[in-house]
Structure formats: C-alpha cells, structure tokens
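Hello, and thanks for passing this one along.

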Amino acid sequence: MATFPPYPTHPPHPGGATGGVLGHAHWWQRRWVRYGALITLLALSGLVILALVRQQTGSEGFLVGLGLAVLPVPLLLAAFRWLDRVAPGPWRNLVFAFAWGACAAALIAIVTNSFATRWLATATADPSGADTLGATVIAPIVEESAKAAAVLLVFLFRRRDFTGIVDGVVVAGVTATGFAFTENILYLGTAFGTDQLTGDSGIASVTAATFFVRVIMSPFAHPLFTVFTGIGFGISALSAHRQYVRRVVLPLSGLLLAMGMHALWNGSSTFGTYGFFAVYAAFMVPAFGLLTWLVIWTRQRELRTVREELPAYTAAGWLSPPEPYALGSMRARRMARDYAARHLGRPAGRTVAEYEAYATSLAFLRHRGRRGRAGADFVVRERELLHELWHRRDTARPALEHAARATAPPVPVFTPPWLMPGAPGTPGYGIPQGYGYGVQSHGPQGYGAQGYGPQGYGAQGQGVPGSYGSYGYGGPTIPQQPSSSPSPYNPYAAP
C-alpha cells in the first residue's frame, strides 16, 4: 500500500536552507523579524493606551470600566467564531485582529481625535461646535480607517486565510470588538468618575446610563460599522486577479459605507430628544438584521460549495463517497469530531477537525479554479491540501463515514429485500432527491460510489467513477490517488 501521495511534500519555505536565491534575503524580510516587529508595535501601543485611559479615568474608574466593558466581548467573539465554523481561520489572525483593534486602532483614534478636535476648537473659537464636528465627521473617518488597517493587513499578508465574505466579516468584526472594548473602558471609567464627583449611584447614575446604551443596547455598533469594510474586502477576494478596479473600489466602498453608518450613529444625539432611538430603530436594527442574514446565507452557500466541489475528488479516489455529504453538513462534521474524540481521544477529534478544515479549503480552491479566480499557485496549493488530507485519512475517514450514515436523509423509495444493504453482489443505486448511498458489499466500508444529488454524479448512481466526466465539470485536472486503494483499516472497530 502506498504511504504517501505521488508528489513532493511542501515546498521549502522562503529563506530556508533550500530556498535558493530567497535564502539570502535581507534580515528585515525574515519572518521572525516581521513577527517580532508586529508584536513589539502592538505591545507598545497597548502600554501607551493603558496609560492614557488610566490617566483619564483614574485607577478606580479604569478597573470599573474594565470589569463592565469585558462583559460583551466573549459573546461577540463567540458569535464571529461561530460564523467562521465552516472554514475556520487560524487563531493567530483573530488574536492579531483583536489586539490591533484594542491597542493600535484605539491609540490612533484617541490621539488623532483629540488633536483634531482641539485644533478645530482653536481655529473656530467654538468648542461646542468642534466637539460635534469631531464626533460626526472626524471620529468616523479616523476610527474606521484605523480598524480597516487590520483587515487590509490580513488581506495582504494572510491571503490564503482570506477567501471570501465570511473571512472579511470575521476579521473586521473581531477588530471592531477589540476597539469597542477599549473605548468602552474609557467611556465607562469616565462616567464612573463623574458619578464619584456628583454622588450619583444606582439606575440614575451616568455609569448605569452609559452601560445601558453601550453594552446592552448597542454592543454590536462598532462591529456593525466595520463589517461593511470586511464585506468589501471579502467580495474583492472573490474577484479575479485581473479585475483590478473592482478589487480596489469594493474595499473603498465598504469603508465609505462604514464611515457613513458611524457618522449617522454618532450624530443621532443632535437630531433631537428621540433622535438616538429613531436612528437605532430605523437604521441600526435593520442593518444588523440584514447583515446577519447575509452572513448566514453566505455560510450556507459555503457548505453547498463543499458538497458540490468535493465529489470531483471522490471520483479521483482521494475521498470516499460519503465524505462530501458529511463535510457539507455542520451537524455531520460535529458528529464526526465527537465520534473520533469519544473512541480515540481528543487528539483524534482535533485530527478530524483539521481534516474538515483542509477539505473545506480544497473545495473553495477548486471553486475558485473553475471560475478562473485561483492564483498561479493553484496546483501547488491543491497538492498541499491533498497531502494534508492523505495523512489524516485513516483517522478522519471512518468518523466522517459514521457521521454520514447517522445524518443521511431517509431513502424516499421502496427498497426490495434483495436490494437491502449488505446483500452480496448488489450494485449501487442512486437517489435523485439528495445524498443517498449506493451499496456494494465488497467495498472497504460497504459503500459503492453513488449518485450525489440532482446533478447525477455517476451513471444513474451506478457507482462508476469514470462516468463522472459526463457531468462536464470543466475544472482543472485533479491529481490521481496512488494506485493502491486506501487502507480498509478501521481504527474505531472493536479488537
């Protein structure tokens, strides 16, 4: 039995011992130098912003603000992580996004907003008007630009992890969550200091009112604004490389929309007694609902892409027939991870999760390749992903097949007893209304290759891999699986 796929392993990293000319790169091009510089920048920004906020709120106010501001953070991060479950990005991207929002973007906003507002007050001799102009014009431009910088950096330097709308929404939302966290510390700490001077407490206090508006009513405000920028970058990521104008205009359009929403929100207090509630009800809530629907719809479309693209690798022998269905269902994927963890331990559950992530990335890559939007490294990237799947197949495949069996829809046709699963020598049969399983008792797991959905992969579901070409897939050529079949070994079987 072949142990490795029939192609080289990962190409050497630039700057490595076998990197050729790239091995002589300048010291500032080395990865550890760039990581070190980024971490140092964020750490210094964090220390400066900590000192500024503490100076403005006082130690006690800072602690109160910190304790109250942290409350919505886990819920928002969990929501964005849930949206990213189909093709979860690396944690380091989310950590960077949150740290950038909480430290670098917040520092840029505080310093720039304060300087610009003081300059306007001096130039116009109207402090009240300068504050209003600073809140409704300067702050939206500065803050949304500072947050958008994190999305731009991930888009440029983590391009493999940034493949669509959901990735843009998640990175933008996490960045804005970090920014709102620091801003809420400042506002709540300042409100607490005001209450200390006036002696107010309880529901009538400024702290309670600030907490209600910023944490209870609108914890999603900053994420909502910046998500428009993320959507612009996400659509840009889906565009072909030659569509230069679209790839530039869409992110800028998203940024301008984010600034506009932010300005409208900040200016709501100038619209009269009920201006804030009118803007909240007429714009914020509908926009939040529309974006939530868009992201959930996009997530379902991603699952559909997985179900439609992966059967090509089944026909080439890289995946077993039940896997595309299981990988295209969040319920089946979760069940596979739980099944592996329960029988083989938590490391096996993580292996299945990694297998699911690589398979999803493979489906997205194939989808972009068919539409002419894949990069020049399509073939290299495809083989890298197949390489990762190949080395995890013995653990992941039985778990996914179990999940596919457990979650498969019922067969909507009468099955005669002589065609029941397990009957010797019976051919596979296709189920037009969904993801049925053909039955071949001589297969490694008792599965024949069958028809997948209305597209009819295979000749009427008869389990003929060669008939897949009749669908006219039209995508790039898929590397063939090694000549030997996958191991029939089932690690979950009882000894």
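1. Let me begin with the second largest cavity, which holds about 40 Å³ of space. Please keep in mind throughout that this is a predicted model. The residues around the second largest cavity are Ala69, Pro72, Val73, Leu76, Thr177, Ala180, Phe181, Asn184 and Pro219. Two elements each supply two or more of these lining residues: helix H2 (73–83) and H5. The top contributor is H5, with four residues. Sorted by class, the lining of this second largest cavity comes to seven nonpolar and two polar residues, with no charged ones.

2. How many cavities of 30 Å³ or more does the structure hold? There are three. The largest cavity contains about 60 Å³ of space. Its lining is made of Asp84, Gly89, Pro90, Asn93, Leu94, Asp161, Asp167, Val170 and Val171. Helix H3 (91–124) and helix H5 (165–198) are the elements that give two or more residues to this lining, and H5 gives the most, with three. In the lining of the largest cavity, four residues are nonpolar, two are polar and three are charged.

3. Next, the packing of H3 against H5. The two axes come within 7 Å and cross at roughly 45 degrees. Because of that angle, H3 counts as oblique to H5. The crossing in which H3 passes H5 is right-handed.

4. Which residues make the contact between H3 and H5? From H3 come Leu94, Ala97, Phe98, Trp100, Gly101, Ala102, Ala105, Ala106, Ala109 and Ile110. They meet Val170, Val171, Val174, Thr175, Thr177, Gly178, Phe179, Phe181, Thr182 and Leu186 of H5. By class, this contact of H3 with H5 has 15 nonpolar and five polar residues, and no charged ones. When you inspect it, note that Leu94, Val170 and Val171 also belong to the lining of the largest cavity, while Thr177 and Phe181 also belong to that of the second largest cavity.

5. H5 packs with H4 as well. Here the axes come within 9 Å and cross at roughly 140 degrees, and H4 and H5 are therefore oblique to each other. This crossing is right-handed. On the H4 side, the contact uses Glu143, Lys147, Ala150, Val151 and Val154. On the H5 side, Val171, Ala172, Thr175, Ala176, Phe179 and Glu183 take part. The residues of the contact of H4 with H5 divide into seven nonpolar, one polar and three charged.

6. Finally, a pocket. The second largest pocket has a volume of about 1200 Å³ and a lining of 37 residues. Which of them lie nearest its centre? They are Ala135, Glu183, Tyr187, Arg214 and Asn266. The elements that give two or more residues to the pocket lining are H3, helix H4 (127–157), H5, helix H6 (206–217), helix H7 (221–238) and helix H8 (244–266). H5 has the largest share, with eight residues. By class, the lining of the second largest pocket has 15 nonpolar, 18 polar and four charged residues. Glu183, listed here by the pocket centre, is also one of the H5 residues that meet H4.

Terms used
Residues are numbered from 1 along each chain as its sequence is written. This is a predicted model: local features need pLDDT of at least 70, side-chain atom pairs count only at pLDDT 80 or more; totals for chains, interfaces and linings use all residues. Side-chain values use heavy atoms; hydrogens and water are left out. On a 1 Å grid over the protein atoms alone, a cavity is a set of points where a 1.4 Å probe fits but cannot get out, and a pocket is an open set with protein on both sides within 12 Å along at least five of seven lines; lining residues have an atom within 4 Å of a point. Grid points are joined across faces, edges and corners, and a volume is the space filled by probe spheres set on the points. Ala, Val, Leu, Ile, Met, Phe, Trp, Tyr, Cys and Pro count as nonpolar, Asp, Glu, Lys and Arg as charged, and the others, Gly among them, as polar. Axes are lines fitted to C-alpha atoms, for helices over the stretch in contact, and angles run from 0 to 180 degrees between N-to-C directions. Angles under 35 degrees count as roughly parallel, over 145 as roughly antiparallel, 65 to 115 as roughly perpendicular and the rest as oblique. A crossing is left-handed if the near helix is turned anticlockwise from the far one by less than a right angle, and right-handed if clockwise. Contact means heavy atoms within 4.5 Å.
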